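Take a look at the protein below.

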Amino acid sequence: MSINARPILVIGGGIAGMTAAVEAAEVGHRVILVEKEAYLGGRVMRTHRYFPKMCPPACGFEINTRRLRQNSRITVHTLATVEEITGHAGNFKARIRVRPRYVTGTPSLDGAIADQLESERDNEFNLGLGRTKALYLPHEMAWPPLHVIDREALSDADAAKLQEACPAGAIDLDMADEELEVKVGAVVVATGWRPYDAARLDHLGYGRCANVVTNVMLERLAARDGPTGGKILRPSDGDPPRNVAFVQCAGSRDENHLPYCSAVCCMGSLKHVRYLREQDPEIRATVFYIDIRTTGRLEKFYQDMLDDEHVTFLKGKVAQVDEDAATGNLQLDVEDTLSRETLHPEFDLVVLATGIVPNTADQPLPGDLAYDEYGFVTGDGATAGVFAAGCATGPCDVSSATKEATGAALGAIQSMYGGD
Ligand SMILES: Cc1cc2nc3c(=O)[nH]c(=O)nc-3n(C[C@H](O)[C@H](O)[C@H](O)COP(=O)(O)OP(=O)(O)OC[C@H]3O[C@@H](n4cnc5c(N)ncnc54)[C@H](O)[C@@H]3O)c2cc1C
């Protein structure tokens with residue numbers, strides 16, 4: 001049974017947005033889900049496995065896409081953004097812009113055609129680690145399971161090749177932006193996060209030293225469908241690392257960068273240590289931290305790791321990372337806060353635990369939304385009829401994001417009925 005109210009507009013199709021959409025739809029509400037990328041799932045899809053259960057992201061994602069596919073009350077627009085929102089609770093008007101995919105979906109396309117192309121682009125799903133053809137599937141689990149064409153990267157010769165090789169109607173290289181206007185009763189903002197720009201952490205060697213990578217890059221290096229087929233290797237020479245440093249709070253809790261704690265980086269790094277220990281039982285890891293923040297049941301993950309003699313926890317903030325040009329190894333400058341000793345240990349790979357920046361930090365959404373000083377959306381219904389969930393409201397893990405999304409869906413539903 002469908003409830004006869006205006007649909008709920010959900011902006012952002014990560015775990016928070018997908019959850020809000022299916023929860024609202026499963027109690028009978030129509031939902032319009034708008035996602036700016038070509039696929040749903042958000043950042044979680046780029047992790048190799050996710051804590052606390054360490055399952056691959058495909059597990060939860062499959063359940064969510066099944067719920068979504070089975071529910072005719074949900075309309076999904078990928079490659080789409082909301083350009084304008086006007087009106088008030090119960091009666092909003094939103095203008096949505098849908099960018100062209102250039103692949104129609106009907107008839108379906110044989111992805112092997114991409115092998116015939118010369119044109120390539122950076123693989124943004126793998127954070128620029130590696131390239132894809134200009135006709136590509138964003139990732140193995142992509143939903144909708146449709147290829148995309150990067151029109152700018154596609155040469156004229158390859159465009160002609162595709163026109164000839166694809167079944168009639170499968171691609172449309174003249175596809176243009178589409179604008180839709182929808183009337184909705186409430187809005188859920190779930191636009192998530194992006195990693196803090198490590199290029200601003202020159203002192204920690206990112207961009208200067210080949211073997212300094214970020215936590216999000218490590219997820220892709222560990223992933224079976226990532227650039228190294230799931231083997232964590234040093235970017236400089238492709239060798240497996242033997243001795244790895246984790247630099248916690250890389251830019252976080254720092255007035256010059258991100259003053260706040262990103263909540264998940266400690267657990268993220270502990271998880272990464274586990275990836276490495278599973279890859280090589282002899283590997284050594286040292287975690288440089290200010291304090292380890294693993295709350296609630298996540299504390300056990302940390303406590304278990306304290307027993308591992310291959311893993312060292314050293315309380316101290318890393319001040320500088322430099323490269324030995326001959327070996328590509330990294331030397332750290334760090335003060336051991338407990339002994340007050342200055343240390344210069346050497347590692348063959350350094351992983352920076354960069355923090356979480358809201359996607360709305362420099363790109364506020366249309367409409368009258370409230371933000372905190374860092375650009376996170378205040379998700380407390382400060383704007384009547386608008387609710388927010390997940391990392392759009394502050395750094396959080398998947399479990400918190402889904403709970404908040406369920407709350408936001410309920411808030412959105414209640415706001416449409418007004419009063420008591
Ligand atoms: C290194 C690292 C490892 C992590 N590992 C774990 C883990 O193991 N377990 C765990 O529980 N958590 C983990 N997290 C946290 C996890 O990534 C977040 O909890 C999760 O991504 C939050 O989901 P979200 O939907 O709020 O945001 P996102 O995943 O960022 O999804 C937001 C979606 O909104 C879309 N979007 C953005 N702007 C717009 C717009 N204007 N219009 C339309 N769409 C838009 C984005 O494209 C994206 O699809 C990790 C975080 C880090 C940094």
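Around the ligand sit 38 residues, and G12, G14, G42, G192 and G390 come nearest. A residue is near a molecule if its C-beta atom, placed from the backbone, lies within 6 Å of it. The model is predicted: local features need pLDDT of at least 70, side-chain atom pairs count only at pLDDT 80 or more, and totals for chains, interfaces and linings use all residues. Residues are numbered from 1 along each chain as its sequence is written.

**Ligand shell**
- The shell holds 17 nonpolar, 14 polar and seven charged residues. Ala, Val, Leu, Ile, Met, Phe, Trp, Tyr, Cys and Pro count as nonpolar, Asp, Glu, Lys and Arg as charged, and the others, Gly among them, as polar.
- At least two shell residues come from each of α1 (15–26), α4 (215–222), α5 (265–279) and α7 (398–417). Helices are DSSP runs (H or I, at least four residues), numbered from the N terminus.

**Domains**
- The protein is divided into domain 1 (8–99 + 177–192 + 359–417), domain 2 (111–165) and domain 3 (196–356). These bounds come from an automatic or database domain assignment.
- Domain 1 and domain 3 each give the ligand shell at least three residues.

**Helix pair**
- α1 and α2 (residues 58–69) pack at an angle of about 40°, with axes 10 Å apart. Axes are lines fitted to C-alpha atoms over the stretch in contact, and angles run from 0 to 180 degrees between N-to-C directions.
- M18, A21 and V22 of α1 meet N64, R67 and L68 of α2. Contact means C-beta atoms, placed from the backbone, within 7 Å.

Notes:
Two residues are in contact if their C-beta atoms, placed from the backbone, lie within 7 Å.
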